[in-house]
Amino acid sequence: AAGAAAAAGDVAQLMHEDDVFAAKTAHTEAEAVEETADTVEEKPLDAQQAEEVEDDGADTQPDIVSDGKFDGVEGEFKAVLADAAALAKMWRSLDYNGNGKVSLAEIDKWVSDQYPVL
């Protein structure tokens with residue numbers, strides 16, 4: 001009986017602590033919403049700000065030029081995803097040690113072996 005009373009007291013203490021925490025965080029969350037509500041609204045730019053945004057000197061062209069190698073790999077993956085038997089075969093080929101589990105190391109080895117372009 002003493003153990004049950006102690007457990008009930010522990011539960012009551014935890015419930016009290018939970019209520020105190022909830023009261024403290026509810027106030028904080030409300031403040032955060034009030035402080036950030038104006039950042040969600042779209043505000044019109046004046047003419048000078050618009051010019052600065054348009055002429056900021058940002059690089060608009062990607063630095064990576066594709067030579068088409070990735071397109072072939074992407075096409076192969078899409079074909080495998082459309083064929084359940086091919087997908088199962090691919091999955092089984094990932095399990096190098098045959099333990100029924102695929103580790104990150106096995107995935108890394110498989111990708112390096114099968115798709116060196118990646």
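Okay, let's start with Glu-74: at 42% relative accessibility it counts as partly exposed, meaning between the buried cut-off of under 20% relative accessible area and the exposed cut-off of over 50%, with a 1.4 Å probe and protein chains only. Before I go on, this is a predicted model, where local features need pLDDT of at least 70 and side-chain atom pairs count only at pLDDT 80 or more, while totals for chains, interfaces and linings use all residues. Residues are numbered from 1 along each chain as its sequence is written, and side-chain values use heavy atoms, leaving out hydrogens and water.

So who does Glu-74 pair with? Lys-78, in a salt bridge with the closest N and O atoms 3.5 Å apart. The rule is a side-chain nitrogen of Lys or Arg within 4 Å of a carboxyl oxygen of Asp or Glu. Helices here are DSSP runs, H or I, of at least four residues, numbered from the N terminus. Lys-78 is exposed, at 55%.

How many salt bridges are there by this rule? Two. The other joins Lys-109 and Asp-113, at 2.9 Å from N to O, and both lie in helix H5 (residues 104-114), again four residues apart.

Now the core. The largest nonpolar core has six residues: Val-73, Val-80, Met-90, Leu-94, Trp-110 and Tyr-115. To count, buried Ala, Val, Leu, Ile, Met, Phe, Trp, Tyr and Cys residues must be joined through side-chain atoms within 4.5 Å.

Conventions. Helices (H or I, at least four residues) and strands (E, at least two) are DSSP runs, numbered from the N terminus.
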